[in-house]
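Reader: I would like to go through this structure term by term. Please set each value against its cut-off.

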Amino acid sequence: VFNTGKLQEAEYTAELEQAEIDYQVYLKTAGDKINAETVTLLTAKDDLGKGQELFVKNCKACHGALGEGTQIAPNLTDEYWLHGGGIKNVFKTIVEGVELKGMKSWKKDFSPVQIQQIASYIISIKGSNPPNAKDPQGEKWTEGGNDISMK
C-alpha cells in the first residue's frame, strides 16, 4: 500500500483552516501596532459596545456614566476639548493621561485595541446631550482641525 498523502481538496481545506488560525493570531497581536499616529475611528456596533463597557467600568467615576462630566473631569459629549478632539487626540490622551489633572495613563491597563474602542466610543457620544452635562471646557473642535496634541 502506497501512502499518497492528502487529496488536493483535503489539503486545500487544511490550508484554509490553518490560514484562519494564523489570521486570528495576527489579529490578537496586530493591535500593538496601533498608536496615536495610526489609530482610526471604529464604528462597528461590537467595537463601540466593548468601548462603552470599558468606559463604564473605568471612566464613569470621573467622567460620569454618560460622559456628562463631573466636578473633577470634563464633559465628553460636547464639541469642546481640553486636549484636542478627534480619534488621534482622544486616543493619545487615554494612553498618556493628564497627570496634572489627575488622569492616569491607561496604557498599562488596556491594549491599543481596547484604547481604540474606548476612544471611538467617546467620539460616538458627541452630541448625545446627557442630563446634567457639565459646561463646555477647552476649545471647540472640528474634525479636520489641528491635532493640537500631536504637535
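Author: Start with burial. Buried means under 20% relative accessible area, exposed means over 50%, and partly exposed lies in between (1.4 Å probe, protein chains only). The model is predicted, so local features need pLDDT of at least 70 and side-chain atom pairs pLDDT 80 or more, while totals for chains, interfaces and linings use all residues. Residues are numbered from 1 along each chain as its sequence is written, and side-chain values use heavy atoms, without hydrogens and water.

Reader: What makes Y121 count as buried?

Author: Its relative accessibility is 8%. The cut-off is under 20%. Y121 therefore counts as buried.

Reader: Why is the pair of F55 and Y121 called tilted?

Author: Rings of Phe, Tyr and Trp (its six-membered ring) pair if their centres lie within 6.5 Å; planes under 30 degrees apart are stacked, over 60 edge-to-face, and the rest tilted. The search of the whole structure finds two aromatic pairs. In F55 and Y121 the centres are 5.5 Å apart and the planes are at 55 degrees, so this pair is tilted.

Reader: Why does this pair tie together parts that are apart in sequence?

Author: Helices (H or I, at least four residues) and strands (E, at least two) are DSSP runs, numbered from the N terminus. F55 is in helix α2 (residues 45-58) and Y121 is in helix α5, so the pair links parts 66 residues apart in sequence. F55 is buried too, with a relative accessible area of 0%.

Reader: What makes the pair of W106 and F110 stacked?

Author: The angle between their planes is 20 degrees, and the centres are 5.4 Å apart. W106 is buried at 15%, and F110 is buried at 9%.

Reader: How do you know that the charged end of K104 sits over the ring of W106?

Author: The rule asks for NZ of Lys or CZ of Arg within 6 Å of the ring centre and within 35 degrees of the ring normal. The charged end of K104 is 4.6 Å from the centre of the W106 ring.

Reader: Why is helix α4 called largely enclosed?

Author: Nine of the eleven residues of α4 (residues 86-96) are buried, so the rest of the structure largely encloses this helix. Its cover includes β1 (80-81) and α5 (112-124).

Terms used
Contact = heavy atoms within 4.5 Å.
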